[in-house]
Amino acid sequence: APEDELVKLRVRKSSHGRVVDLEEAERILGRWFRSKDTVGGLRSSIRSITRTGASVKERLSLDAWHAISSLDELGVSLPFVGRNALDDRTLQAMDDIIGLLSSISGLSMENMTRGHGWNFQNLGRRLERSLHLCNLIHSTLVYSGKERESLHWLLLQCADSLITYRRRYFTSMHSKPVIDLLVCDPLNPRSLAFQAEQIRQHIASLPHHLEGNLSQPIDRTGLRISSLIGLADLEDLDRKDSFGNRPELGLLLDSLAAEFSTLSERIASRYFAITTGNTAGAYPPTSL
């Protein structure tokens with residue numbers, strides 16, 4: 001759900017640690033799922049995808065446009081799916097949306113010419129995935145209180161890494177291998193380390209490198225991101241303090257989130273500022 005909505009959730013303390021009011025969470029999820037006016041909500045995001053696709057329709061394959069059209073049709077039907085945020089019809093609709101989004105992503109990866117447009121698109125994909133993963137890990141492992149295997153399972157499921165975990169470790173859920181898989185593992189395509197390496201490669205292909213200028217704030221930010229992850233110690237990240245929190249993990253995730261946001265802003269201001277041709281200067285840069 002949108003972040004401004006999540007902060008409104010009432011959190012109470014119990015013997016199991018911090019507990020979210022589930023009824024309120026389901027109400028917010030329901031509004032996020034069905035409301036057409038919720039900024040950052042599902043319908044709003046689908047409309048944005050459709051609008052963006054329509055603006056470049058001549059560049060899309062027939063299969064890609066068919067997937068976007070199907071997604072738009074599904075978005076229109078969302079308010080009538082179900083009254084509860086987590087009922088069977090709602091969950092089925094979510095599965096259908098994930099399938100269509102995966103189709104659009106796969107068609108883009110397979111069919112799009114590897115020019116600057118593809119490079120910027122994938123930079124945005126990696127940055128968004130990185131920020132989402134930082135928030136997800138932070139909210140589940142930094143202030144985890146009493147360890148719960150179900151929470152680790154849910155985290156891996158959301159990060160699409162559950163099968164990888166089971167194949168690699170053959171054990172029950174433990175925090176250290178979960179952190180290793182989602183933060184430090186450069187071979188897991190859903191880890192922060194993997195995103196950092198992909199971002200570094202995309203930065204190396206940005207137009208300013210064609211001009212022979214190899215020292216830009218963008219490059220230095222990408223290097224700091226890789227260094228933060230590469231120098232992280234897994235034992236320190238998993239270590240708890242006297243309150244049951246993981247302060248080192250929290251500091252790393254906060255630093256990474258700040259660097260990812262800074263990188264997005266610098267790329268946007270460097271390549272996407274729109275000049276007006278008068279003394280007014282430029283509009284605020286758009287975000288990736």
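Reader: Where does Asp185 lie?

Author: Asp185 lies in the loop between helix H9 (175-184) and helix H10 (192-204), helices (H or I, at least four residues) being DSSP runs numbered from the N terminus. This is a predicted model, in which local features need pLDDT of at least 70, side-chain atom pairs count only at pLDDT 80 or more, and totals for chains, interfaces and linings use all residues. Residues are numbered from 1 along each chain as its sequence is written, and side-chain values use heavy atoms, with hydrogens and water left out.

Reader: Is Asp185 buried or exposed?

Author: Asp185 has a relative accessible area of 7%, so it is buried (under 20%; exposed is over 50%, partly exposed in between, with a 1.4 Å probe and protein chains only).

Reader: And which residues does Asp185 contact?

Author: Leaving aside neighbours within four places in sequence, Asp185 is in contact (heavy atoms within 4.5 Å) with Arg168, Asp180, Ser191, Ala193 and Phe194.

Reader: Changing topic, how do Tyr165 and Tyr169 pair?

Author: Their aromatic pair is tilted, at 4.9 Å centre to centre and 45° between the planes; rings of Phe, Tyr and Trp (its six-membered ring) pair if their centres lie within 6.5 Å, and planes under 30 degrees apart count as stacked, over 60 as edge-to-face and the rest as tilted. Both tyrosines lie in helix H8 (residues 162-169), 4 residues apart, about one turn of the helix.

Reader: How accessible is Tyr165, then?

Author: Tyr165 is buried at a relative accessible area of 0%, whereas Tyr169, at 21%, counts as partly exposed.

Reader: Which rings form a cluster?

Author: Phe120, Tyr271 and Phe272 are linked into a cluster by ring pairs.

Technical notes. Helices (H or I, at least four residues) and strands (E, at least two) are DSSP runs, numbered from the N terminus.
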